[in-house]
Amino acid sequence: MILARLLLALLLGLWALSADARNMAVTLVPEGATVAPGGRVTLALVMEPEPGWHGYWRNPGDAGTESQVEWTLPNGASVGELRYPVPETLTIAGIMNYVYEHDYALLTELRVPAGVKPGDVLPIRASLDYLVCTREICVPESAEVAAQVTIGAPAQPGRFDGYRAALPRPIGGEGRFAIEGGKARIAIPYPASESGEGAYFFPLTHGLLKYSAAQEVRRDGDTLIIETDAPGEAAGLKGAEGLLKVGERGLWVTLRPGPIAAGTAEAGLASTILLALLGAVLGGLILNIMPCVFPILSLKALSLARTGESEGTARREALAYAAGVILVCLALGGALLALRAGGAAVGWAFQLQDPRVIIVLLLLVTAIALNLAGLFDLRAVGAGQGLAGKGGVGGAFWTGVLAAFVATPCTGPFMGAAMGAALILPTAAALAVFAGLGLGLALPFLLLGFVPALRRRLPKPGLWMDRLRRILSVPMFLTALGLAWILGRQAGVDGMTIGLAAATVLGLALWWVGQWQGRVGLWLPLVPAAAAAALALAFVPTAATAPAMASAPNMLNAEPFTEARLASLQQEGRPVFVYFTADWCLTCKVNEKGAIERKEVAKAFADAQVAVLVGDWTRGDATIGRFLERHGRSGVPLYLYYQPGKPAEILPQVLTPSRLVSMVS
Amino acid sequence: MKQMLAAFTAFTALALTAGCDGSSSVEEKSATAPVVGQPAPNFQLADLDGKPVSLSGFKGKTVVLEWNNPECPYVKKHYGSGNMQKTQTTAVNDGVVWLTINSGAPGNQGHMDAAQAKAVLAQNGARSSAYLLDANGKVGKLYDARTTPHMFIVDQAGALVYAGGIDDKPTNDPDDIAGARNHVLAALSEIKAGKPVSVASSRPYGCSVKYADA
């Protein structure tokens, strides 16, 4: 058996060594398309490494080499630069490689000679030298490939759309870099509305940064800042370029030297945390009048008042109580964060951009609202009273623990909100929110401990608390409504319906629970509810189906761009303003806010009956990509103005309202 | 009221979700690479006869360090064509010490024991002063050697004066050697003439050094 395996291994080894056995298949594929003489055809060098093998990006990283291509072309034809798809990182024993561990295509533009006629056949040859490696060994290979470009042949859009979608897109702006104290800092314009989590910068320029060093990503408003180690030679660089990869998306950016602040925490996040912390303290404070917390607190407070303890004892007890409360809140927070970490590892990182997270929040909020409305009750845990009944500092501590613990089931609403915040805030900030919640919960008791006059003025628990609870269900229902709206925006009508259906099933199940409160097996109906929730999560469309235009205040009555719509508007004899944008393009957003979506522009456009079409290239739509290419652009923004009977006017990349108003009047 | 606050907190969080920071993972910190112009870090390795060889033992002499993996196609380019041996001969004849170092880990391509290394040296006719085995990759990581070949030159005073590739044609085609600038020979002749090294660093090219997995 072992012998057979050895033989097999030997045979395979021999096969791998034999001269014509390649580890990467290379083919040359022209896109075709009706080419005018002097026009262009896209050529693809399709590279297909064997499983376990990888090819290299233009900058291969610490080791490896760039592929070399020599073209043999008919007279008068020429090719442009090779365009590489977005690569991946591959670290082997501390050495960074920029690679493709799958099939990929290098694209280039063939410029057809001016003298060709439809039906002419152009022979194209290329000889390639490239490196193909496994994690253990590297083999330089050469390939001779050939193809014929038939002028006027039909295009193969499907295949090439895929190749183009894998290319990086120009970010539509310039970045900066700064080398200081052995560190390279790279600042890239990237809208604050887009998550930059997990971003990685692939430098094309050698010597800008150490490939194998970890990259730290932080945000400064509309700028993404990447910080990593720089090699000695980085100081001499006059410029650089490279590729920013966020998720699967690659954005091409050129960099100029310029100052970048070395700050650590961003101001925006700090104010968010402060706001969340304030909300948590207030929320914790209000938790005290929840029906199940108030009795405990008031009993303890009354005992404090009754025994007329010395000031010092009262204070110590108050502090012990606060410690107990905050500790439990932090423990709960820690548990939730641990869950979050686990979730992030399996790709729960898109957070609230993921409709599934919205569904979970929707169901949670619905359940809370129904609870507040009195549909069902959650029973407090009865244990722990013994410990809490004891006097002294220890007793106060355990009362705090109990109060916070008891508060969990019957004040789940608040925990839900804190959990929502914890899901999206950095760990330290999330823990601070939980601690704030505890502090808020402990605050009245602290006050009672430190201000004796207050001890005599506590309101009595009573029916008023139940009434208040019912009233408080209204804002919670409104929150659920808001979440359903967000879900609709993200996942379309279908997604919203799925979410609402799950909420309905949950509501019915909870109703059942409420009806049979106190019986054995009363939580059984929650099984179908949980199943409904799981189904909803599985089936909600995660890719946004709603048109992205919904996100912009549509004051210009803009319609989604299609070439057919453009043609029909032109046929009607209407002037048309077409603009192309993407969520990740900062220049686009600035132009839209500052110049396009303005009252004076809307009025001028309406007066002149200008139709507006918007092409959203956020997802790299191939038809829009081709349209951009035809207008000499490889990316957004692109602003076009079509006057009836005239060729399109390409507007500058930086717009002003007055430029747009004067254009149409 | 409390639920409103709850909702408020949730929505504040919702609205600002995009402002979320991308926390980065902390990877193992690579040892600070030696800097050209600074003293070269000292090391000690055993040669093929088991005798210890240390850099500090060559004070007053120029020392070339060459990272080697005889099975790497880029190393074969320079040994198969005789370019590396020629460079070694020129250097050694000028009194330069040439240390060839193999940082390949056991089980990886190019790793050898002393007997295997002796056989390879006998076959390719290498002219280096010593062939040193660095199976645990300590010296390779100390110098941040990333490729084979990856070349370093230490001057008589013990300062690192060159780090980078053998030449400026990063291909595996032996035909490219003729037109390439041999950075090591150029640096050695500048050192000999008492001039500063004009190209003190370049991009090394070749296979990755086959270190043990961390």
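How many helices and how many strands are there in chain B?

1. Chain B holds 6 helices and 9 strands. The model under discussion is predicted, and the remarks that follow should be read accordingly.

2. Chain B has 214 residues, of which 43% count as buried. Where contacts in chain B link residues at least 6 apart in sequence, 76% of them join residues at least 24 apart.

3. In chain A, an open sheet is formed by 4 strands in the order β1-β2-β8-β5, and the pairing is antiparallel. Its edge strands are β1 (24-30) and β5 (78-79) of chain A, each of which pairs on one side only.

4. The pairing of β5(A) deserves a separate remark. Its partner is strand β8 (residues 104-111) of chain A, joined to β5(A) in the antiparallel sense over 2 bridges. Within β8(A), L110(A) is the bridge partner of V79(A).

5. Two helices of chain A pack against each other: α16 (residues 599-607) and α18 (residues 657-664), at an angle of about 10 degrees and with axes 9 Å apart. Angles under 35 degrees count as roughly parallel, so α16(A) is roughly parallel to α18(A).

6. Which residues meet where α16(A) contacts α18(A)? From α16(A) come E600(A), V601(A), A604(A) and F605(A), while α18(A) supplies P657(A), L660(A), V661(A) and V664(A). By class, the residues of this contact between α16(A) and α18(A) comprise 7 nonpolar, no polar and 1 charged.

Technical notes
Residues numbered from 1 in each chain as written. Chains lettered and ligands numbered in written order. Predicted model: local features only at pLDDT ≥ 70, side-chain atom pairs only at ≥ 80, totals over all residues. Buried ≥ 20, exposed ≤ 12 C-beta atoms within 10 Å, placed from the backbone. Contact = placed C-beta atoms within 7 Å. Pairing = 2+ DSSP bridges. Axes fitted to C-alpha atoms, helices over the stretch in contact; angles between N-to-C directions. Parallel < 35°, antiparallel > 145°, perpendicular 65-115°, else oblique. Nonpolar A, V, L, I, M, F, W, Y, C, P; charged D, E, K, R; others polar.
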